[in-house]
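Please keep the coordinates open while reading.

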Amino acid sequence: MTIYNLYIFDREGQCLYYDEWFRTKQSGLAPIQEYKLVFGMMLSMKSFVDRLATNDSNQTVNYYKTSAYKMTFLESATGIKIILNTDPNATGIRDLLHRIYQAWAETANSAANLEMFASTNPPNESFLKSRVRDIVMKHSAYV
């Protein structure tokens, strides 16, 4: 099982963080265009599920799966959206996304970053990248 790449978006769709591991095919797009497409796809999937819902309960999309990859979503109450692309057979990805979000929240809320994070800037990127990579590389889907 393989982990390909990770996106973290704010509630407006700005990509705050991106990292990749075993991504073999590039999109051929500028990064900003790719980020917009990925975020738009997630919003479209959520809208699609809402429109086809059979009852009034809050419907959620957890992942989108093809024969080549699985795109798993996590949305926090604060509006942070995390998207992870993996091998279609990867397991334990929801737990991995929760651990990545926890690292994001701890980094964003740490006393050393409060002044920097008071604006819309993401947390200390090099520290966050180090933490996220450590979390991902320890996960069973990391090959």
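A pocket here is an open set of grid points, on a 1 Å grid, with protein on both sides within 12 Å along at least five of seven lines, and its lining residues have an atom within 4 Å of a point. Helices are DSSP runs of at least four residues, numbered from the N terminus.

The model is predicted. Its average pLDDT is 82, and 82% of the residues score at least 70.

The largest pocket holds about 450 Å³ of space. Its lining consists of 18 residues, and those that lie nearest the centre are Asn 5, Arg 23, Lys 25, Tyr 69 and Asn 85. Two elements, strand 1 (3-9) and helix 1 (31-52), each give two or more residues to this lining. Helix 1 supplies the largest share, with four residues. By type, the lining divides into 10 nonpolar, five polar and three charged residues.

Helix 1 can also be considered by itself. With 22 residues at 1.5 Å a residue, helix 1 should span 32 Å, and the distance of 32 Å between its end C-alpha atoms agrees with this. Glu 34, Tyr 35, Val 38, Phe 39 and Met 42 are the buried residues named for helix 1. Seen down the helix axis, the buried residues fall within an arc of 130°, so they line one face of helix 1. Ile 32, Lys 36, Leu 37, Arg 51 and Leu 52, on the other side of helix 1, are exposed.

Technical notes
Residues are numbered from 1 along each chain as its sequence is written. This is a predicted model: local features need pLDDT of at least 70, side-chain atom pairs count only at pLDDT 80 or more; totals for chains, interfaces and linings use all residues. Side-chain values use heavy atoms; hydrogens and water are left out. On a 1 Å grid over the protein atoms alone, a cavity is a set of points where a 1.4 Å probe fits but cannot get out, and a pocket is an open set with protein on both sides within 12 Å along at least five of seven lines; lining residues have an atom within 4 Å of a point. Grid points are joined across faces, edges and corners, and a volume is the space filled by probe spheres set on the points. Ala, Val, Leu, Ile, Met, Phe, Trp, Tyr, Cys and Pro count as nonpolar, Asp, Glu, Lys and Arg as charged, and the others, Gly among them, as polar. pLDDT is the predictor's confidence in each residue, from 0 to 100. The expected span of a helix is 1.5 Å times one less than its number of residues. Buried means under 20% relative accessible area, exposed over 50%, partly exposed in between (1.4 Å probe, protein chains only). The arc is that of the directions from the helix axis to the C-beta atoms.
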